[in-house]
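Take a look at the chain below. This report walks through its layout, its core, its aromatic pairs and its surface.

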Amino acid sequence: MMYELETLSTLLVYGTIVSYVVAMVSFAIDLSGFGRDADSNRSRRAAGIAMSTSWMGLAFHVLAVLLRGIAAERVPWANMYEFTLMSTMFTMAVFLVINRFTDIRYLGVLISLVNVTGLFVAILLLYVGAEGVQPALQSYWLVVHVSVATLATGLFCVAAALSVLQLVRGRDEVQRTAAADRDGGAGRPRSRAWFRGCGRRG
């Protein structure tokens with residue numbers, strides 16, 4: 001019975017990867033529509049598809065973690081494979097929860113890429129069978145310490161993605177300002193249309 005649950009957990013991880021890949025492609029399609037001359041009032045159907053598949057992937061992800069814990073008969077974060085499962089799950093959860101209050105769908109490509117990469121590494125390089133832990137690790141500190149660490153990793157990934165995007169935006173503005181100065185200062189550049197418009201819900 002436990003082996004079947006472990007196998008089902010692994011299959012759900014594969015389903016999670018597929019969902020996140022679809023979400024990543026959809027986020028990229030949505031983001032590509034915010035070019036310099038983009039219509040800020042255009043429909044964002046691709047972003048809606050991306051969010052739906054992200055929620056579906058998160059549901060698969062949560063089920064995979066739960067079944068892994070049941071199969072191992074302990075908390076599901078006792079090794080690097082499970083730590084990666086948990087941290088990527090929290091990364092997507094933080095991203096989706098923040099989107100309920102503030103539209104940050106423009107981060108979806110980076111968040112999905114981080115999760116897909118992390119899950120591929122977990123499956124290909126870090127996977128171990130679901131089993132108990134060594135007696136030295138049978139402590140409530142395992143529950144407290146690792147759960148907080150995985151949540152912190154999820155928060156860090158979202159913050160890092162936002163920082164990377166801000167750096168890209170700043171670099172673009174500097175380059176366009178320099179180009180405008182070379183042209184005599186006419187047409188002072190503005191922020192990229194995609195960064196201004198991609199925060200609009202629609």
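## Buried or exposed

A residue counts as buried when its relative accessible area is under 20%, as exposed when that area is over 50%, and as partly exposed in between. Tyr-81 has 1% relative accessibility, so Tyr-81 is buried. The model shown here is predicted. Of the 202 residues in the chain, 42% are buried.

## Overall layout

The chain has six helices and zero strands. Read from the N terminus, its elements run α-α-α-α-α-α. Take the contacts between residues at least 6 apart in sequence: 80% of them join residues at least 24 apart.

## The nonpolar core

In soluble globular proteins, nonpolar side chains tend to be buried together. In this chain, the largest nonpolar core holds 38 residues. Which members touch the most other members? They are Val-13, Met-92, Phe-95, Leu-107, Ile-111 and Val-158.

Look at Val-158. Leaving aside residues up to four places away in sequence, Val-158 touches Thr-91, Val-94, Phe-95, Ile-98, Ile-104, Leu-107 and Ile-111.

## Two aromatic pairs

A pair of aromatic rings is described by the distance of the centres and the angle of the planes. The chain has two aromatic pairs. In one, the rings of Phe-27 and Phe-95 have centres 5.9 Å apart and planes at 80 degrees. Planes over 60 degrees apart count as edge-to-face, so this pair of Phe-27 and Phe-95 is edge-to-face. Phe-27 sits in helix α1 and Phe-95 in helix α3, so the pair ties together parts 68 residues apart in sequence. Both Phe-27 and Phe-95 are buried.

Tyr-81 and Tyr-127 also form an edge-to-face pair, with 4.9 Å from centre to centre and 75 degrees between the planes. Tyr-81 belongs to helix α3, while Tyr-127 is in the loop between α4 and α5. The two are 46 residues apart, and their pair links distant parts of the chain. Tyr-127 has a relative accessible area of 33%, so Tyr-127 is partly exposed.

## The surface

The chain exposes about 10900 Å², and carbon and sulfur atoms supply 67% of that area. One nonpolar surface patch covers about 510 Å². Tyr-140, Trp-141, Val-143, Val-144 and Val-148 make this patch.

Tyr-140 lies in helix α5. Its relative accessible area is 55%, so Tyr-140 is exposed.

Methods
Residues numbered from 1 in each chain as written. Predicted model: local features only at pLDDT ≥ 70, side-chain atom pairs only at ≥ 80, totals over all residues. Heavy atoms only, no water. Core = buried A, V, L, I, M, F, W, Y, C linked by side-chain atoms within 4.5 Å. Buried < 20%, exposed > 50% of the residue type's maximum accessible area, 1.4 Å probe, protein only. Contact = heavy atoms within 4.5 Å. Helix = DSSP H or I, 4+ residues; strand = E, 2+ residues; numbered from the N terminus. Areas by Shrake-Rupley, 256 points an atom, 1.4 Å probe, with all protein chains shown as cover. Patch = residues over 30% accessible without salt bridge, like charges linked within 9 Å, V, L, I, M, F, W, Y side chains within 5 Å. Salt bridge = Lys/Arg side-chain N within 4 Å of Asp/Glu carboxyl O. Phe/Tyr/Trp six-rings, centres within 6.5 Å; stacked < 30°, edge-to-face > 60°.
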